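Here is a quick tour for anyone meeting this protein for the first time. Have a look at the model, then read on.

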Amino acid sequence: MEYRLWNQGLTEVPDALRSAPDIEVLDLDENHLKEIPAWMGKLRSLEVLRLYKNRLTTLPESLVALSNLKELSIRGNQFTGLPEVLWKLTVLERLSAGEN
């Protein structure tokens, strides 16, 4: 299942996604997100998470539970360094983290 919510002017991740645990691709590019909720770590089927061009400065530790996450884009945010949780994503194959 794919959810493409890019460029929707979102300021927070829609709570309705909590009840969609079969999400494999979640595209939240080009919104106004300042944080990612801890409950997103429960989206265990997630393989691709795109967070390009938001206003993020950190990622929740709960994302370590995303045991199927293979691709993550955090490019174009406001990170000052790589979030610690990235080192714990053991199956991550592709990381895009430039322009921060």
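## A walk around the model

In this predicted model, the side chain of Asn 31 reaches the backbone oxygen of Leu 5 at 2.9 Å. The side chain of Asn 31 also gets to the backbone nitrogen of Gly 9, at 3.0 Å. So where does Asn 31 sit? You'll find Asn 31 in the loop between strand 2 (25-27) and strand 3 (48-50). Its neighbours, leaving out residues up to four places away in sequence, include Trp 6, Leu 10, Lys 53 and Asn 54.

Now compare that with Glu 35, which lies in the loop between strand 2 and strand 3.

Once its neighbours within four places in sequence are set aside, Glu 35 is in contact with Val 13 and Leu 56. There is also Pro 60, 25 residues away from Glu 35 along the chain: the C-alpha atoms of these two are separated by 8.3 Å.

Time to step back to the whole fold. The protein has five strands and zero helices, so the elements run β-β-β-β-β from the N terminus on. The radius of gyration is 12 Å, close to the 13 Å that the globule rule gives for 100 residues, so the protein is as compact as a globular protein of that length.

How are the strands arranged? They form an open sheet in the order 1-2-3-4-5, with parallel pairing. Strand 1 (2-4) and strand 5 (94-96) stand at the edges; each has a single partner strand, so one side of each has no neighbour in the sheet. From one strand to the next, the twist averages 5°. Zooming in on one pair, strand 3 and strand 4 (residues 71-73) run parallel over three bridges, and the bridge partner of Leu 49 in strand 4 is Leu 72.

The C-alpha atoms fill a box of roughly 30 × 30 × 20 Å along the principal axes. Buried residues make up 40% of the 100 residues. The accessible surface comes to about 5700 Å², and 45% of that belongs to carbon and sulfur atoms.

Methods:
Residues are numbered from 1 along each chain as its sequence is written. This is a predicted model: local features need pLDDT of at least 70, side-chain atom pairs count only at pLDDT 80 or more; totals for chains, interfaces and linings use all residues. Side-chain values use heavy atoms; hydrogens and water are left out. Helices (H or I, at least four residues) and strands (E, at least two) are DSSP runs, numbered from the N terminus. A polar contact is a pair of N or O atoms within 3.5 Å; within protein, one must be able to donate a hydrogen and the other to accept it, and residues adjacent in sequence count only if both atoms are side-chain atoms. Contact means heavy atoms within 4.5 Å. Two strands pair if DSSP finds at least two bridges between them. Axes are lines fitted to C-alpha atoms, for helices over the stretch in contact, and angles run from 0 to 180 degrees between N-to-C directions. The radius of gyration is taken over C-alpha atoms; the globule rule is 2.2 Å times the number of residues to the power 0.38. Buried means under 20% relative accessible area, exposed over 50%, partly exposed in between (1.4 Å probe, protein chains only). Accessible areas come from the Shrake-Rupley method with a 1.4 Å probe; for residues, only the protein chains shown count as cover.
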